[in-house]
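Me: Hey, I'm new to this one. Can you walk me through it?

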Amino acid sequence: MRHLIVAPIVLPLVTAAALVLVGEKRRRLQSLINIGATLAGLLVAGAILRSINGGGSGSVGVYLAANWEAPFGIVLVADRLSALMLVLVGVVSLSAALYAEAGWARAGVYFHPLFQIQLMGVNGAFLTGDLFNLFVFFEVMLAASYGLQLHGSGRPRVSSGLHYIAVNLLAASLFLIGLAMLYGTTGTLSMADIARKLPLVAAGDRGLLLAGVAILAVTFLVKAAIWPLNGWLVPAYTATSAPVAALFALMTKVGIYVLLRLWTLFFPAGGASAHFGGSVLLYGGLATIVFGTLGLMSTMRVGYIAGFSLVVSSGTLLSATGMGVDSVTSAALYYMLSATVAVSALFLLVEIIDRIGTDGQARRDIDVANGEDTNLDDEELPLVGRAFPGSMAWLGLAFMSCAVVLAGVPPLSGFVAKLSLLKAVVSAGRPGEGSTTAPIAAAWWLLGLLLVAGFVAIVSFARTGIRQFWSSGRRPQHRIKVVEAVSVLTLVLICIGLTVFADAILRYTSATASGLHSPSAYIEAVLSAKPRPGPTRLVVDRDGPR
Amino acid sequence: MESLLAIAIGVLGGAGVWLVLRRRTFQVIMGLTLLSYAVNLFIFSVGSLFLNKPPIVKPGLPGTLEHYTDPMPQSLVLTAIVIGFATTALFLVVLLASRGLSGTDHVDGTLGEP
């Protein structure tokens, strides 16, 4: 049980190595290993979540990787937030792995090993307890994502991949600069230790420290797709293959996770420079929602809709984080689960919808505006009463579920998420209540923008759904493969599950949020973890009396 | 020595940013390389600078940065160099693929204004 925390990193790493050894010739074996390992990853994440949740409030699992005490050695930390993120990774990656078996895994070489390495990077970023390892896991994740983004090749992928890689290399430089400045002022890289030493930094060095933190934050804001820094996201995510795009939806959440983790750890309420930069998160998030909403209005392509929905959800999460209130953070975490699962499902659906709309031919570069837009009223008459093909009905329902979740209308989890978020924002925006340092006007802006964004999402989804499913006038020639259906259906079922068990999940996220906003338990747990006595000491003890 | 290093980092960083903003992919990759040099030197400088001295705390002297060089940033630089090298190599491959597919070395893959 003690070593369970390191399993989400070791398991994908070993699997990737095994997959390389198995070789590209034995594809069936590779597929089985890939799906099996991803499923095992989900189970491990579930076990970690169970053990953390069962440990009472403030329960934090600490793993000293090299058996050195925290500020000196490498430390892995699993608290409620990490465990929740690990489970989210498990769910989304499992359906992406299933979907990939429908064909994308065979489109080029080394899909499976890269997939596992990407999982390792993401899991590692969620678990690591010190900044430099965070950098290393970030780079592992990004290096694998460069390969995956280009999987299948083709001009749009390479051209958007070029931008994607350049932006991320620049962000990595900023990461290192910020990290070096933090190390220079505090003399440590362990997140818990930095949090403990921050109030002790001399007033003369404080400016340097805050500048370092701000530079560091830019890296994560790029990853989390805040407004002026997110031009790379939509082209790269829509150009890449469907299972990879679903996996990439997780990567923006890594940025959000790190911001949430470091910001609450470094600048808790009441401390020195409390909530530093909170207004940047808040207003940047609001601008991101506006950008994503405008994008949703401007497009009719399902892929772009998925991309801009991701941007909107990022903006919502950023500004909810920037409020710095327990209840808002808790609702935002639930929103993140529901939105990530739905966006991933939508990314998987994009390709199926495109394929059916074009009678089985790939349509990547043709704009929908050039497609047929004929009025079918006359010709449609004979079609009335004919059996609606099962695959079409299924596809439409899946699309509708995603739309319902992302727009936040009843009955699925999106509604619960949006309602609890709105409720928390309203109570935080009331003067005298809550402990938000954010201006009250910003809370009302967030409230209004959330409602407008939901409305625009409905319009956009309805418009595209009508065009794709009702007025295309083309018969579906292509059957949907079972794995594709199963993978998307899993995600839709997860959304239903999120709705049914909303109470339990919201209680969990609320415990997570209160743990985040009073980080002393985390710091205490990390710094007080004692290494286990090694075998050499046992020998000494036995030989002692002799 | 500190001012010399600071000027070197500034020149490398400035040249790197200017090149990254250019329109040819080769200039972008040179810019990224220069930027990573600047960043590596910057990390290196965080642990204070000494000539011809091992990074060891001397007996009798307090273990502050005025009396010894912190070896930690040096190890960080080593890791950062390796990672930066790998990702730059990967970027080079994508650059060549883009050149081959689009027939131009413009960063957008289309011939921009001359």
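Me: What kind of model is it, and how are things numbered?
Reply: This is a predicted model, where local features need pLDDT of at least 70, side-chain atom pairs count only at pLDDT 80 or more, and totals for chains, interfaces and linings use all residues. Residues are numbered from 1 along each chain as its sequence is written, while chains are lettered from A and ligands numbered from 1 in the order in which they are written.

Me: What pLDDT does chain A average?
Reply: Chain A averages 83, and 88% of its residues score at least 70. pLDDT is the predictor's confidence in each residue, from 0 to 100.

Me: And where in chain A is confidence lowest and highest?
Reply: The lowest is helix α14 (residues 377-380), with a mean of 40, and the highest is α4(A), at 93. Over residues 359-388 of chain A the pLDDT is below 50, and that stretch has 17 contacts in the model beyond near neighbours in sequence. Helices here are DSSP runs (H or I, at least four residues), as are strands (E, at least two), numbered from the N terminus. A contact is two residues whose C-beta atoms, placed from the backbone, lie within 7 Å.

Me: Which residues touch the most others in the largest nonpolar core?
Reply: Ala345(A) and Leu349(A), out of 217 residues in that core. Helix α13 (residues 326-357) of chain A gives the largest share, 20 residues. A nonpolar core is a set of buried Ala, Val, Leu, Ile, Met, Phe, Trp, Tyr and Cys residues joined through C-beta atoms within 7 Å.

Me: Leu349(A) is in contact with what, leaving aside its neighbours within four places in sequence?
Reply: Its partners are Val302(A), Ala398(A), Phe399(A), Cys402(A) and Val488(A).

Me: Switching to packing: at what angle do α3(A) and α4(A) pack?
Reply: About 170 degrees, with their axes 10 Å apart. Axes are lines fitted to C-alpha atoms, for helices over the stretch in contact, and angles run from 0 to 180 degrees between N-to-C directions. The two are therefore roughly antiparallel. By class, their contact has 11 nonpolar, three polar and no charged residues.

Me: Why are α3(A) and α19(A) oblique to each other?
Reply: They are oblique because angles under 35 degrees count as roughly parallel, over 145 as roughly antiparallel, 65 to 115 as roughly perpendicular and the rest as oblique. α3(A) and α19 (residues 502-517) pack at about 135 degrees, axes 9 Å apart. Arg80(A), Leu81(A) and Leu84(A) of α3(A) meet residues of α19(A) including Tyr508(A) and Leu516(A).

Me: How many residues of chain B are in contact with chain A?
Reply: 28 residues of chain B, against 21 of chain A. α3(B) gives the most to chain B's side, with 15 residues. That side divides into 20 nonpolar, seven polar and one charged. Ala, Val, Leu, Ile, Met, Phe, Trp, Tyr, Cys and Pro count as nonpolar, Asp, Glu, Lys and Arg as charged, and the others, Gly among them, as polar.

Me: Last topic, loops. Is Ala225(A) buried or exposed?
Reply: Ala225(A) is buried, with 27 other C-beta atoms within 10 Å. Buried takes 20 or more such atoms, exposed 12 or fewer, and partly exposed is in between, with C-beta atoms placed from the backbone. Ala225(A) has a positive phi, near 65 degrees. Tyr110(A) has a positive phi too, near 60 degrees, and counts as partly exposed with 16 C-beta neighbours inside 10 Å.

Me: Which peptide bond is cis?
Reply: The one from Pro410(A) to Pro411(A), with omega near 10 degrees. Pro411(A) lies in the loop between α15 (390-407) and α16 (413-429) of chain A.
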